[in-house]
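Visitor: I have a model open and would like to learn how to read it. Could you walk me through a few features?

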Amino acid sequence: MKNLLGSSIKDLENVALDYGQAGFRGRQIYNWIYNYRNKKKNIDQIEVLPLDFRKRLKDDGFKVCDLSIYERNLANDGTLKLLLSTEDNESIECVGIPTEKRLTACLSSQVGCPMDCKFCATGKEGLKRSLKASEILDQILFIENEMNRKVTNIVFMGMGEPLLNIDELLVSIRSINEDFKISQRKITVSTVAVPKMINKLSAKSFQILGNCQFTLAISLHAPNQKIRETIIPSAKNYEIENIIEDCKQYVRDTGRRVSFEYLMLSGVNDKIEHANQLSNLLKGFQCHVNLIQYNQIDEVEFQRACLKNLQSFQSRLSHNGIAVSFRKSRGLDKNAACGQLRQNARN
Ligand code: SF4
């Protein structure tokens with residue numbers, strides 16, 4: 001089966017020409033695929049195309065969708081979390097986070113995840129497989145379709161480690177940028193950091209996309225190597241100082257500031273001494289720290305840091321000259337933690 005989602009306008013013109021059709025038929029497919037208002041997801045329902053052309057495409061195994069909705073959860077604040085089934089009966093999550101001006105889509109890049117972060121529901125189940133670019137892109141169309149508006153921003157912060165699926169990630173970023181018309185600057189790739197992969201990400205991005213303008217967000221979550229290893233077991237393969245060095249190189253290569261995600265965990269990493277250590281680690285470096293409230297999951301001992309600690313931590317970073325913001329949790333009332341919806345559906 002060949003999924004047409006993720007194809008460029010040129011690719012689709014060539015498909016039309018291969019079938020003896022005029023090039024504009026390819027543009028018709030293109031306009032149909034990337035229009036979220038088309039709720040139908042079968043190739044034989046592209047009514048602007050001649051019937052026999054649709055039939056031949058279908059008979060030859062072309063399709064435009066891999067996923068279907070398994071469960072839908074709408075939180076009181078408007079955040080929509082979807083559990084989507086894949087063709088091989090796996091499931092992935094994606095989230096639509098609306099504000100007045102933006103609709104941010106939080107996308108999964110893998111089914112499950114091999115990184116085993118101790119605070120994460122997805123990590124509990126290990127990796128099943130990586131997603132194809134068409135499966136990554138389909139999540140955007142489902143969010144747009146269900147929320148009846150265009151996605152404006154993308155974050156790869158759902159299930160999976162994007163840098164372990166780097167080729168499909170970059171293929172999907174090309175399409176998000178050129179076909180979904182979302183600027184690279186509105187795309188964030190979030191990683192717990194895999195050795196050698198930060199450099200590879202920028203190098204491959206220049207090679208495949210011609211530039212590298214999306215935001216890199218590192219899930220740091222700790223001010224030193226010792227604490228990091230207690231919450232992210234894979235951290236033992238990648239010293240925190242080496243991550244920072246590789247990020248500095250990324251800034252030099254791309255001219256883009258790096259973000260550091262920092263999940264505030266009570267008694268683990270939320271003290272003033274930790275804020276000072278983090279400041280020392282990051283000082284003099286063009287970066288930004290995002291403090292995040294933790295979403296509790298069952299069978300994990302971590303607790304959410306209290307608001308007072310969070311505010312003191314933020315003030316100390318600011319005082320030490322580190323750019324910092326606090327990201328409030330959205331959709332908390334509906335299985336908001338990464339991998340939680342999928343896990344609950346299986347229980
Ligand atoms: S936090 Fe991200 S990288 Fe870590 S286990 Fe969960 S999905 Fe994987």
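Predicted model: local features only at pLDDT ≥ 70, side-chain atom pairs only at ≥ 80, totals over all residues.

**Reading the sheet and the helices**

Visitor: In what sense do strand 12 and strand 13 pair, and over how many bridges?

Guide: In general, the strands of a sheet pair through backbone hydrogen bonds, in either a parallel or an antiparallel way. Here strand 12 (residues 258-264) and strand 13 (residues 287-293) are parallel, with seven bridges.

Visitor: In what order do the ten strands of the open sheet run?

Guide: The order is 3-4-5-6-9-10-11-12-13-14, with mixed pairing. Strand 3 (68-74) and strand 14 (324-327) are the edge strands, each pairing on one side only. From one strand to the next, the twist averages 20 degrees.

Visitor: Which strands does helix 8 lie across?

Guide: Helix 8 (residues 240-254) lies across strand 11 (215-219) and strand 12, at about 145 degrees to strand 12.

Visitor: How do helix 5 and helix 6 pack?

Guide: Two packed helices are described by the angle and the distance between their axes. For helix 5 (residues 166-178) and helix 6 (residues 197-209), the angle is about 45 degrees and the axes are 10 Å apart. The two helices are therefore oblique to each other, and their crossing is right-handed. The contact of helix 5 with helix 6 has eight nonpolar, one polar and four charged residues.

Visitor: Finally, how many residues surround the ligand?

Guide: Eleven, and the closest are Cys 113, Cys 117, Cys 120, Gly 123 and Gly 160. By class, this shell has seven nonpolar, three polar and one charged.

Terms used: Residues numbered from 1 in each chain as written. Heavy atoms only, no water. Near = heavy atom within 4 Å. Nonpolar A, V, L, I, M, F, W, Y, C, P; charged D, E, K, R; others polar. Axes fitted to C-alpha atoms, helices over the stretch in contact; angles between N-to-C directions. Helix = DSSP H or I, 4+ residues; strand = E, 2+ residues; numbered from the N terminus. Parallel < 35°, antiparallel > 145°, perpendicular 65-115°, else oblique. Left-handed = near helix turned anticlockwise from the far one by under 90°. Pairing = 2+ DSSP bridges. Contact = heavy atoms within 4.5 Å.
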